[in-house]
Structure formats: structure tokens, C-alpha cells
Amino acid sequence: MAKAVTEKYEEMILDVEVDPVGAPGVYTPLCGMTDVTITRTANVDETEVPDCDDESLPVSIEVAVRSITVTVDATGVWARSSNKTLVDWFYSGATKNIRVRNTAAASGDPETESGPALLTSQIDTRTKGQKVTREISLRFDGVPTVTNKA
């Protein structure tokens, strides 16, 4: 049996476009974010379909994808180098381009998921004797673009 090839911590990176006005296409990793969770959800509609030959039978439930939602949640330490970016972004209510990179992707495999996103939540926590922590939630505005490695 072959052993699974796995992803290393440093091979999955969350980037944010720095300043679309001054430097479009320039991304930087969000410093301090040590845990990143990507949630891909297919929102479905259900339809009950009866058996026309024998309506006494239980109906069949058929589902269809109505929409796709992708969110990114990250936690870590409050980092000075990311603070202005995150606070300004939150209070602006604007979208920023983000991307999640798989830097070890094999040729033909998904390497990035990218697109505009909203910063929907930012929680800073201080605990005596500890570093200040930060939790953020991002939500793609639409379905992200998946780019395969060449």
C-alpha cells in the first residue's frame, strides 16, 4: 500500500492583495495567522418526487446545487504588520482580492483559489500573560477562481 503524500504547514498560504489601487496584483501573506480553515459548501435545494406508478411509496428526495459558498477562517497572533490592513479592510466594508495557495501542487492540480472576498469578522482577544490573538473570517464574493498548476 502506498503512503499518502501530504501537505506541509508552510505549503498552504493565505494571501491578501495589498492595495488594488497602488499595486494591483501584489499579494502578501497575512502575518500572524497560524491556523487557516477553508470551508467549501454546496447549498442545495431539495425536491420531493413521488412515484407516479405507486403513490403509496415514500417520495424520492432529489437535490440540486443552488449555490457555492467558500469561506476562510484564520486564527493566530495579532501581528503589527497585518493590523492596519485588517482594521482598514474591516471598516471599509470593501472586498479585497485574496488567494489560497498550494505551493506544492503537482502539475495539473489546483494551485490557487482566488477572488474578491469580504472580511466578515475580526475578533481580537487578550489574556493576561499571553500574546494578543486574532481570529478572522473571510467570505469569497462569488465562486473563487481555481487555477491549476502548469
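**Reading the features**

Modeller: In this predicted model, Val44, Val59, Ile61, Val63, Val65, Ile68 and Val143 make a nonpolar surface patch of about 590 Å². Such a patch joins nonpolar side chains (Val, Leu, Ile, Met, Phe, Trp, Tyr) within 5 Å, from residues with over 30% relative accessible area and no salt bridge; like charges are joined within 9 Å. Areas come from the Shrake-Rupley method with a 1.4 Å probe, and for residues only the protein chains shown count as cover. Residues are numbered from 1 along each chain as its sequence is written. Local features need pLDDT of at least 70 and side-chain atom pairs pLDDT 80 or more, while totals for chains, interfaces and linings use all residues; side-chain values use heavy atoms, without hydrogens and water.

Biologist: Which strand gives the most to the nonpolar patch?

Modeller: Strand β4 (residues 60-77) does, with four residues. Strands (E, at least two residues) and helices (H or I, at least four) are DSSP runs, numbered from the N terminus. Val59, by contrast, lies in the loop between β3 (33-49) and β4.

Biologist: Is Val59 buried, partly exposed or exposed?

Modeller: Buried means under 20% relative accessible area and exposed over 50%, with partly exposed in between (1.4 Å probe, protein chains only). Val59 is partly exposed because its relative accessibility is 37%. Thr34, in strand β3, is also partly exposed, at 37%.

Biologist: What is the volume of the largest pocket?

Modeller: The largest pocket has a volume of about 230 Å³. Its lining has 13 residues, and Tyr9, Met12, Ile13, Met33 and Val36 are the closest to its centre. A pocket is an open set of points on a 1 Å grid over the protein atoms alone, with protein on both sides within 12 Å along at least five of seven lines, and lining residues have an atom within 4 Å of a point. Points are joined across faces, edges and corners, and the volume is the space filled by probe spheres set on them.

Biologist: Which strand supplies the largest share of that lining?

Modeller: The largest share comes from β3, with four residues; β1 (12-19) and β3 each supply at least two. By class, the lining has eight nonpolar, one polar and four charged residues.

Biologist: How many salt bridges are there?

Modeller: A salt bridge is a side-chain nitrogen of Lys or Arg within 4 Å of a carboxyl oxygen of Asp or Glu. The count is six. In one of them, the side chains of Arg101 and Asp15 meet at 2.5 Å, N to O. This pair links distant parts of the chain, with Arg101 in strand β5 (residues 96-102) and Asp15 in strand β1, 86 residues apart. Asp15 is buried because its relative accessibility is 0%, whereas Arg101 is partly exposed at 22%. Asp15, Arg99 and Arg101 are linked in a network of salt bridges.

Biologist: How far apart are the closest N and O atoms of Lys84 and Asp88?

Modeller: They are 2.5 Å apart, in a salt bridge. Lys84 and Asp88 are separated by about one helical turn, because they are four residues apart in helix α1 (residues 80-92). Lys84 is exposed at 58%, and Asp88 is partly exposed at 40%.

Biologist: Where do Arg134 and Asp124 lie?

Modeller: Their side chains meet in a salt bridge of 2.7 Å, N to O. The pair links distant parts of the chain: Arg134 lies in strand β7 (residues 133-140) and Asp124 in strand β6 (residues 110-125), ten residues apart. Arg134 is buried at 1% relative accessibility, while Asp124 is partly exposed at 39%.

Methods. 1 Å grid on protein atoms, 1.4 Å probe; cavity = no way out; pocket = protein on both sides within 12 Å on 5 of 7 lines; lining within 4 Å. Nonpolar A, V, L, I, M, F, W, Y, C, P; charged D, E, K, R; others polar.
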